[in-house]
Amino acid sequence: MQTTSSGERALQTPRAAGLAGVVFALLLAAAIVLIRIGVPEGVDAVAAAGFVDSAGHNAVHTALALVPFAGVFFLWFTGVVRSHLGEAEDRFLATVFLGSGLLFVATLFGAAAAAAAVLDIARAAGPAAALPTWAFGSHFAYTLMTGYAMRMAAVFTCSLSVLGYRRGVLPRWLILLGLVTTLVLLFLSSNVPWAELAFPAWSLVLSGYILVVTNRPLPSMAAAT
């Protein structure tokens with residue numbers, strides 16, 4: 001009876017991780033797309049003044065409403081993945097993995113707060129003061145998202161890929177995909193628009209893999225049997 005209960009928990013944890021990861025990936029991708037559309041980089045004075053009454057206003061507000069839920073599902077995803085790795089996980093890498101995940105959520109929330117601030121202040125200040133507010137706020141939001149949040153996402157991706165390799169729970173192709181995603185987030189996210197979508201794309205692939213292999217017995221369970 002006790003063995004059956006443990007086996008059920010072992011199978012339910014990857015399923016929860018996969019579902020949480022799928023929801024997180026979709027929410028984050030939607031938020032990034034909406035913010036990219038609603039808060040374009042390099043905007044001139046005319047576009048800045050017109051933004052407060054444009055469709056971009058609604059797009060950014062929708063993105064900001066999605067970000068907290070994306071953060072919640074990401075934390076759940078992180079927790080259940082750590083549980084799935086079990087006692088055999090490397091403590092050093094696990095600490096880096098968890099710390100980078102928490103910093104990613106913190107900087108993501110900071111970027112969302114900066115975007116909300118520039119949206120509301122520019123709207124209240126009117127066209128006369130919109131450009132300076134827009135220039136500072138949009139640059140600050142994008143710096144937090146592409147320069148800091150995505151670098152923490154790169155560390156998260158790399159550490160999880162290495163943990164998956166050492167634990168033997170991830171296939172080689174997924175580990176290589178994680179390393180490629182790490183390089184993209186580290187070196188391209190600040191300079192190449194839309195490069196930050198590599199992180200939700202990787203999360204979606206990882207979550208899909210976890211869901212596919214949910215019904216396979218874990219190595220420790222097979223050995224115990």
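Which element of the chain has the lowest mean pLDDT, and which the highest? Helix α8, residues 219-224, has the lowest, at 43. Helix α6 has the highest, at 95. These scores matter to the reading, as this is a predicted model. The chain averages a pLDDT of 78. Of its residues, 71% score at least 70.

Two stretches call for care. Over residues 1-12, pLDDT stays under 50. The model gives that stretch five contacts beyond four places in sequence. Residues 218-225 also have pLDDT below 50. That stretch has four contacts in the model beyond near neighbours in sequence.

Now turn to the core. The largest nonpolar core holds 47 residues. Within this core, F104, F156, F199 and L206 touch the most other members. Helix α5 gives the most, with eleven residues.

Take F156 next. Setting aside residues up to four places away in sequence, F156 touches F74, F77, T78, F97, S100, G101, F199 and W202. Several of these names return among the aromatic rings. Ring pairs link F24, F74, F97, F104, F156, F199 and W202 into a cluster.

The structure holds twelve aromatic pairs. One of them joins F104 and F199.

F199 leads on to helix α7. Its buried residues are F199, P200, W202, S203, L206, S207, Y209 and I210.

Finally, look at a polar residue, T146. It is found in helix α5. Is T146 buried or exposed? Its relative accessibility is 6%, so T146 counts as buried; the cut-off for buried is under 20%. The side chain of T146 reaches the backbone oxygen of Y142 at 2.6 Å. Leaving aside neighbours within four places in sequence, T146 is in contact with R36, R151, S189, S190 and E196.

Note on methods:
Residues are numbered from 1 along each chain as its sequence is written. This is a predicted model: local features need pLDDT of at least 70, side-chain atom pairs count only at pLDDT 80 or more; totals for chains, interfaces and linings use all residues. Side-chain values use heavy atoms; hydrogens and water are left out. A nonpolar core is a set of buried Ala, Val, Leu, Ile, Met, Phe, Trp, Tyr and Cys residues joined through side-chain atoms within 4.5 Å. Buried means under 20% relative accessible area, exposed over 50%, partly exposed in between (1.4 Å probe, protein chains only). Helices (H or I, at least four residues) and strands (E, at least two) are DSSP runs, numbered from the N terminus. Contact means heavy atoms within 4.5 Å. pLDDT is the predictor's confidence in each residue, from 0 to 100. A polar contact is a pair of N or O atoms within 3.5 Å; within protein, one must be able to donate a hydrogen and the other to accept it, and residues adjacent in sequence count only if both atoms are side-chain atoms. Rings of Phe, Tyr and Trp (its six-membered ring) pair if their centres lie within 6.5 Å; planes under 30 degrees apart count as stacked, over 60 as edge-to-face and the rest as tilted.
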